[in-house]
Number of protein chains: 2
Amino acid sequence: MCRAIREIAVEIKPEPVRYSVIVKSGLAGRVGKYISKYNPSLVVVISNPTVMGFHGKLLLDGIQDAGLKSCTVIVPDGEKYKNPEQLNYIYGEMIRAGADRRSMVIPLGGGVIGDMGGFAAATYMRGVGYVHVPTTLLAMVDSSIGGKVGIDLLYGKNLAGAFYQPWMVFTDPSVLATLPDAEFSNGMAEVIKSAVIGSPTLFEMIEKLPIKPGNISKNDLEEIIFLAGKIKADIIQADVYEKNERMKLNLGHTTGHAIEKTANFTGFSHGQAVAVGMVAAVMIAEEMGILEDKSFYVRLEKILNKFNLPVKCPNLSPDKVHEAMNVDKKRMGGMHRFVLPVRVGCVRIVENVNDAMVLGVIRELCKD
Amino acid sequence: MCRAIREIAVEIKPEPVRYSVIVKSGLAGRVGKYISKYNPSLVVVISNPTVMGFHGKLLLDGIQDAGLKSCTVIVPDGEKYKNPEQLNYIYGEMIRAGADRRSMVIPLGGGVIGDMGGFAAATYMRGVGYVHVPTTLLAMVDSSIGGKVGIDLLYGKNLAGAFYQPWMVFTDPSVLATLPDAEFSNGMAEVIKSAVIGSPTLFEMIEKLPIKPGNISKNDLEEIIFLAGKIKADIIQADVYEKNERMKLNLGHTTGHAIEKTANFTGFSHGQAVAVGMVAAVMIAEEMGILEDKSFYVRLEKILNKFNLPVKCPNLSPDKVHEAMNVDKKRMGGMHRFVLPVRVGCVRIVENVNDAMVLGVIRELCKD
């Protein structure tokens with residue numbers, strides 16, 4: 001037989017992945033019961049010593065009560081351990097514990113544990129199931145939803161990773177009782193960001209919250225986490241692989257990343273940098289005539305202040321911040337791309353932001 | 001607002017992935033032209049020194065002629081280099097060359113390069129596109145189709161990996177001119193396996209081929225690679241994540257893996273081990289009364305002999321081979337799972353294969 005063209009058409013239809021994010025106080029102790037339906041051969045809990053000390057027993061007891069076998073893998077606390085060495089350590093511990101393709105992973109912790117534990121799940125024996133149990137406010141409203149997993153390399157952050165969705169996310173706001181106030185503020189920056197992107201209701205709720213985290217009612221805490229998570233879920237469903245819509249989640253991040261970098265990732269936490277970045281976005285939106293709601297700047301400043309989040313970065317050099325923005329991967333051919341607020345609950349992706357104007361705004365923010 | 005249950009339903013709809021495997025002599029030089037439609041910011045060719053020496057210029061010239069930027073990453077030749085260290089080296093070289101999310105990877109080589117290069121593509125910045133250019137017969141008919149990518153860990157083979165489909169596969173049989181005869185035989189074992197699983201036509205074609213690889217006509221070579229690849233593609237489309245149908249591709253592998261392991265991965269090549277494994281499968285099928293075609297054993301032995309593939313393993317200890325099978329991950333609760341031939345072009349997955357009978361067959365194969 002002689003054929004003109006020998007071409008094999010391969011069509012892979014991955015099942016649509018559906019999963020639930022459940023937000024409920026006291027949920028961490030009931031994770032075992034929920035996941036018993038998957039009948040995993042082994043449950044691998046990945047955590048750090050701090051979080052394990054606070055919440056490990058609750059989770060593990062629940063897993064045991066559900067009649068499931070478990071093991072724990074403890075990695076050191078901190079972003080600098082989100083690296084290939086620790087990932088290899090996790091693989092090794094999983095092998096030693098006898099994890100197979102029917103085993104499951106539970107990252108119990110904040111973003112670092114979630115990213116690295118999720119990536120271990122994504123790649124161990126070409127992928128096993130996992131469920132998130134986020135223990136920081138930031139992880140609850142941000143990194144636990146959307147399936148972005150990965151590790152840092154020597155050359156930069158999140159350079160090795162995957163899009164790999166969890167089977168469920170168990171968000172238990174009661175674990176936040178052990179979270180330091182500074183970490184709570186950090187998470188609030190992302191909650192506020194979500195509100196600005198997509199929910200006037202959430203924004204108004206935040207305006208009415210008591211100042212001290214400990215004074216926020218259980219119901220209000222569940223509700224703001226739920227609403228913020230819902231906004232993220234809606235956006236990523238529309239754009240899983242970050243091509244368009246998902247960029248909206250970068251509100252405050254263009255300037256924010258530059259601030260973090262200029263401060264050598266020590267002076268500003270991620271949430272603090274995003275807070276200042278949101279203020280920058282409002283100022284740019286106003287300059288460009290995009291901002292419709294003139295009271296917005298004042299309202300934003302007020303809720304950022306309320307949660308001890310900065311609205312300026314007076315100790316940084318404007319030129320250095322500006323330079324750091326220029327190497328940012330979001331820069332497109334000489335013009336800056338920004339997510340800019342129109343009004344509370346509505347943002348726009350704007351490609352052609354003038355560089356000199358951006359520098360002017362940064363200078364303003366860096367003033368004493 | 002007080003809600004009874006706060007649950008966010010997330011539904012991710014990954015696009016169905018469609019790609020073409022094109023089989024045509026002389027294709028390697030035209031890859032650049034084909035991929036220019038993707039407009040990659042950089043093309044990262046990953047290869048080893050041997051393959052790069054033979055076929056690198058042809059590929060790179062074509063990429064340059066298409067007006068695309070490229071760089072090469074060379075890793076040492078051999079399975080032992082399919083490891084985390086080399087993967088990290090690849091990441092580093094990609095960073096240094098300026099690869100971003102719009103860059104593409106081309107693994108140019110056999111299974112080792114394809115697996116590791118594909119895994120680098122799957123995980124670099126959470127995944128970039130890649131196209132395969134397989135240069136061994138084995139990779140052409142087996143590993144380049146199906147999206148299994150990964151690396152070996154200290155603890156075992158392919159322990160870190162993913163299912164990640166290429167954008168295209170460019171199979172150029174003319175590159176096989178530089179392949180050692182032993183490697184050609186190795187690949188023929190998988191071609192024969194494909195024929196046994198799904199194509200009497202292919203089996204008959206192989207029976208009629210000339211003995212020397214160099215004497216096989218260009219058209220016949222294209223056709224057998226095309227038919228073998230088509231069988232693999234049909235099976236993986238039905239079962240991407242290896243839950244049922246895809247297990248058929250393991251014909252000859254249950255015993256084959258045990259033979260490779262017993263011979264310390266040096267005495268038998270993968271193809272040789274699979275050849276003996278297929279003979280074992282036929283013998284077991286006959287013992288169990290599953291084999292319908294009684295002439296099959298003789299026909300199989302004849303084509304294996306023709307391509308210098310073994311039908312026995314007389315230098316191995318039957319007890320050791322048997323023991324190695326027992327730790328094989330395919331063993332299910334005390335009974336062996338085998339893929340067994342019914343007739344040429346038809347196999348069955350059989351779960352309840354008697355252990356003593358398997359040992360008897362292995363003893364037969366290990367006899368002088």
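This is a predicted model: local features need pLDDT of at least 70, side-chain atom pairs count only at pLDDT 80 or more; totals for chains, interfaces and linings use all residues.
In chain A the average pLDDT is 93, with 97% of the residues scoring at least 70.

**Positive phi angles**

- Most residues other than glycine have a negative phi.
- A:Asn264 is not a glycine, yet its phi is positive, at about 55°.
- The loop that holds A:Asn264 runs between α9 (253-262) and α10 (270-287) of chain A.
- B:Asn39 is another residue other than glycine with a positive phi, near 50°.
- B:Asn39 sits in the loop that joins α1 (31-35) to β3 (43-47) in chain B.
- B:Asn39 is exposed, because it has 10 other C-beta atoms within 10 Å, and the limit for an exposed residue is 12 or fewer.

**A sheet with strands from both chains**

- Seven strands form an open sheet with mixed pairing, in the order β4(A)-β3(A)-β5(A)-β6(A)-β9(A)-β2(A)-β1(B).
- At the edges are β4 (70-74) of chain A and β1 (6-12) of chain B, each of which pairs on one side only.
- From one strand to the next, the twist averages 20°.
- Strands of a sheet pair through backbone hydrogen bonds, either parallel or antiparallel.
- In chain A, β3 (residues 43-47) pairs with β4(A) in the parallel sense, over five bridges.
- Opposite A:Ile46 stands A:Val73, which belongs to β4(A).

**Helices on the sheet**

- Helix α4 of chain A (residues 111-123) lies across β3, β5 (104-109) and β6 (129-134) of that chain.
- The direction of α4 is at about 170° to β5(A).
- Helix α8 of chain A (residues 218-238) also packs on the sheet, where it touches β2 (17-23) and β9 (168-171) of chain A as well as β1 of chain B.

**Relation of the two chains**

- Chain B is superposed on chain A by a rotation of 180° with 0.0 Å of shift along the axis, at an RMSD of 0.1 Å.
- This is the relation of a two-fold axis.
- B:Pro14 has the C-alpha nearest the axis in chain B, 3.2 Å from it.
- Both copies use the same surface, since 100% of the contact residues of chain B recur in chain A.

Conventions. Residues are numbered from 1 along each chain as its sequence is written. Chains are lettered from A and ligands numbered from 1 in the order in which they are written. pLDDT is the predictor's confidence in each residue, from 0 to 100. Helices (H or I, at least four residues) and strands (E, at least two) are DSSP runs, numbered from the N terminus. A residue is buried if 20 or more other C-beta atoms lie within 10 Å of its own, exposed if 12 or fewer, and partly exposed in between; C-beta atoms are placed from the backbone. Two strands pair if DSSP finds at least two bridges between them. Axes are lines fitted to C-alpha atoms, for helices over the stretch in contact, and angles run from 0 to 180 degrees between N-to-C directions. Two residues are in contact if their C-beta atoms, placed from the backbone, lie within 7 Å. Copies are superposed by least squares on the C-alpha atoms of residues with pLDDT of at least 70 in both.
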